[in-house]
Amino acid sequence: MLKMILDPMGGILLTNDGNAILREIDVAHPAAKNMIELSRTQDEECGDGTTSVIILAGEILAQSLSQLERDIHPVVIISAYTKALKEALSIINRISIPVDTSSDEDMLKLIRTSIGTKFVVRWSDLMCKLALQAVRVVASDEVSGVVGASNGSGATWASGGGGGPTTGAATSGGVKSVDIKRYARVEKVPGGEIEQSRVVSGVMLNKDITHPGMRRRIRNPRIVLLDCPLEYKKGESQTNMEFSKETDWARAQEVEEEQVVKMAERILEFKPDLVITEKGVSDLAQHVFTKHNVSAIRRVRKSDNNRIALAVGATIVNRVEDLRESDIGTKCGLFHIEKIGDEYFTFLDECMHPKACTILLRGPSKDILNEIERNLWDAMSVARNVVFHPHLVPGGGATEMAVSVGLEQMRARSVVGMEVGPFRAVAEAMEVVPRTLVQNAGGNAIRVLTELRAKHANGDYTWGVDGETGKVVDMKEYGLFESASVKIQTLKTAIEAARMLLRVDDVVQAVRKDGQDGGGASGGAGGEEMGE
């Protein structure tokens, strides 16, 4: 089910994503704020497991209460939690299986798991293909193959033959990089059907050409990317000019025009079909370009220009005088402008080996498109994590139950003294995920968990809970596997948060005075008021 949240500005938010919901909730208690921060961290790191980390952290803290009531010192509990986390991670590594990231079938099956409870589950196949295609486009492990990677200053340079430093889609030392945040952009256009959504093999901009006489469709265009204005360059400080004759004023106007024409002719020497600049294009420059059948687009965002450079193989030039033949982008197959709804969009499509892409989302309304975008980002994050950590673990609460049974066996085998209770507390807390799945499906939690626990005690660690029927099934046959990196991050975040909150023994609030006494502390009251 979805939640409809009314934000302070009067807008609405339709979602069932844990992080999106918690982000909109206003809480006063500092511990609650810390818990909400866990969900945000999990979403940024993995894109999935935002609800699981909150449930697991809350259950571990609830189990900790009984340990504190038995007068076990927090330091002892924290020490037991540290050992439990180490053992839990080793259990996950032991039961995980490798996945072939080059196999579309395996990757799509994994991504489908991450959006199985989301709003877009009706269009699961389409969204999984969009996410996988976008991640495949921006993923790169070949430094020499990347053209137009961005340097620290934000400019973009070619990296083919000893150029400047490369980041973003490039790699260093054999480390793969998948920068979906910078090089995969989502464009939401209300209208049409969700099935019309697609990944553009290049870049899509909400821009139109600057002059109606310019071409709107060009096959295999030669593209020039600029970071400078095609206008008369004014002085950086205030400049005063005095004229003694009327002809001098006319000559000054001519010089300005000559400078603009000179810049335009310098660009035309390279026979471009399309000129894109982050700054303005004067009317005179537009006239010169139109006369030579060259299209121009102005005031493009820096981030969009960087993605265009990666898609078409061009280099962004800061001065027209520095333009070289190697800076021209020639990898775009088709430039065309389409009117979608009430706005014009520029497409640089059919690019050869693009390192950046745009995902065009269509849908009935902005609210639905926003939710689809959130779900799509989660799917892309999961696909990105599998590229870095290509291992899967069984879903449906099977991994949590395997960890719970493993911790119980280790407790009976090697844990002694005061740490036995906290160790058991972590083991019991792990069962909250399969228990919640059974309860959501309307099953008998005690009977199903007992059956599931018996399966795992016999070594059948792939058995979990069917989220629809609430019964125990083998996840290997059911086909439900999740990314191991999500589970690892969930465990680390939940137990780390519990350990940190256990170290807190008091909450102190500082209240600022009105400042009527000039900011100095008054004698008896003090500068602060302490409260709990």
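1. Start with a network of salt bridges that links Arg185, Glu187, Arg301, Asp304 and Arg307. A salt bridge here is a side-chain nitrogen of Lys or Arg within 4 Å of a carboxyl oxygen of Asp or Glu. Searching the whole structure gives 29 salt bridges.

2. A word on the source: this is a predicted model, where local features need pLDDT of at least 70, side-chain atom pairs count only at pLDDT 80 or more, and totals for chains, interfaces and linings use all residues. Residues are numbered from 1 along each chain as its sequence is written, and side-chain values use heavy atoms, with hydrogens and water left out.

3. Now look at arginine 198 and aspartate 349, whose side chains meet in a salt bridge (3.5 Å, N to O). Arginine 198 belongs to strand β9 (residues 198-200) and aspartate 349 to strand β17 (residues 343-349), so the pair ties together parts that are 151 residues apart in sequence. Strands (E, at least two residues) and helices (H or I, at least four) are DSSP runs, numbered from the N terminus.

4. Are these two partners buried or exposed? Aspartate 349 is buried, with 9% relative accessible area, while arginine 198 is partly exposed at 31%. Buried means under 20% relative accessible area, exposed over 50%, and partly exposed in between (1.4 Å probe, protein chains only).

5. Helix α11 (residues 366-388) holds both arginine 374 and glutamate 371, three residues apart, about one turn of the helix. Arginine 374 and glutamate 371 form a salt bridge, with their closest N and O atoms 3.0 Å apart. Arginine 374 is buried at 18% relative accessible area, and glutamate 371 is buried at 2%.
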